[in-house]
Amino acid sequence: MHSNESIANYFLRIDEIINCMRNLGEEFKEVVLVEKVLRSLFAKFDSKVSAIEEKEDLQKITIT
């Protein structure tokens with residue numbers, strides 16, 4: 001995530017990258033993508049990431 005990038009733009013950029021990689025035949029588990037995206041957010045989102053991890057079952061969450 002870039003320092004001046006909004007969450008919406010970040011997710012659009014991630015989605016484009018994932019789609020390109022899938023078109024090339026790469027397989028991804030949704031849970032792995034969710035965990036990687038949550039880890040890649042800036043520290044200012046740590047409280048929100050913690051709340052998502054505690055409240056939601058990461059096995060059932062999708063990137064969208």
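Student: What are the ground rules here?

Tutor: Residues are numbered from 1 along each chain as its sequence is written. This is a predicted model, where local features need pLDDT of at least 70 and side-chain atom pairs count only at pLDDT 80 or more, while totals for chains, interfaces and linings use all residues; side-chain values use heavy atoms, with hydrogens and water left out.

Student: What makes up the secondary structure of the protein?

Tutor: The protein has 3 helices and 0 strands. From the N terminus on, the order is α-α-α. Helices (H or I, at least four residues) and strands (E, at least two) are DSSP runs, numbered from the N terminus. The C-alpha atoms fill a box of roughly 35 × 30 × 15 Å along the principal axes.

Student: How are two packed helices described?

Tutor: By the angle between their axes and the distance between the axes. Helix α1 (residues 7-23) and helix α2 (residues 30-40) pack at about 145 degrees, with axes 12 Å apart. The axes are lines fitted to C-alpha atoms, for helices over the stretch in contact, and angles run from 0 to 180 degrees between N-to-C directions.

Student: Which residues of α1 and α2 make the contact?

Tutor: From α1 come Y10, F11, I14, I18 and R22. From α2 come E30, L33, V37 and S40. Contact means heavy atoms within 4.5 Å.

Student: How do the residues of this contact divide into nonpolar, polar and charged?

Tutor: There are 6 nonpolar, 1 polar and 2 charged. Ala, Val, Leu, Ile, Met, Phe, Trp, Tyr, Cys and Pro count as nonpolar, Asp, Glu, Lys and Arg as charged, and the others, Gly among them, as polar.

Student: Is I18 buried or exposed, and why?

Tutor: I18 lies in helix α1. Buried means under 20% relative accessible area, exposed over 50%, partly exposed in between (1.4 Å probe, protein chains only). I18 has a relative accessible area of 7%, so I18 is buried. Not counting residues up to four places away in sequence, I18 touches F28 and L33.

Student: Why is I17 called partly exposed?

Tutor: I17 is in helix α1 too. Its relative accessible area is 40%, so I17 counts as partly exposed. I17 and E56 are 39 residues apart along the chain, and their C-alpha atoms are separated by 25 Å.

Student: What makes the buried residues of α2 line one face of the helix?

Tutor: The buried residues of α2 are V31, L33, V34, V37 and L38. Seen down the axis of α2, they fall within an arc of 160 degrees, so they line one face of the helix. The arc is that of the directions from the helix axis to the C-beta atoms. An α-helix has 3.6 residues a turn, so residues three or four places apart point the same way. What covers the buried residues of α2 includes α1 and α3 (46-55).

Student: Why are Y10 and F11 called an edge-to-face pair?

Tutor: Rings of Phe, Tyr and Trp (its six-membered ring) pair if their centres lie within 6.5 Å; planes under 30 degrees apart count as stacked, over 60 as edge-to-face and the rest as tilted. The count comes to 1 aromatic pair. Y10 and F11 have 5.9 Å centre to centre and 70 degrees between the planes, so they pair and are edge-to-face.

Student: Where is F42 found, and what is F42 in contact with?

Tutor: F42 sits in the loop between α2 and α3. Leaving aside neighbours within four places in sequence, F42 is in contact with M1, H2 and S3. F42 and H2 are 40 residues apart in sequence and 8.9 Å apart in space, C-alpha to C-alpha. The relative accessible area of F42 is 31%, so F42 is partly exposed.

Student: What does S40 touch?

Tutor: S40 lies in helix α2. Not counting residues up to four places away in sequence, S40 touches M1 and Y10. S40 and M1 are 39 residues apart in sequence and 6.7 Å apart in space, C-alpha to C-alpha. With a relative accessible area of 28%, S40 is partly exposed.
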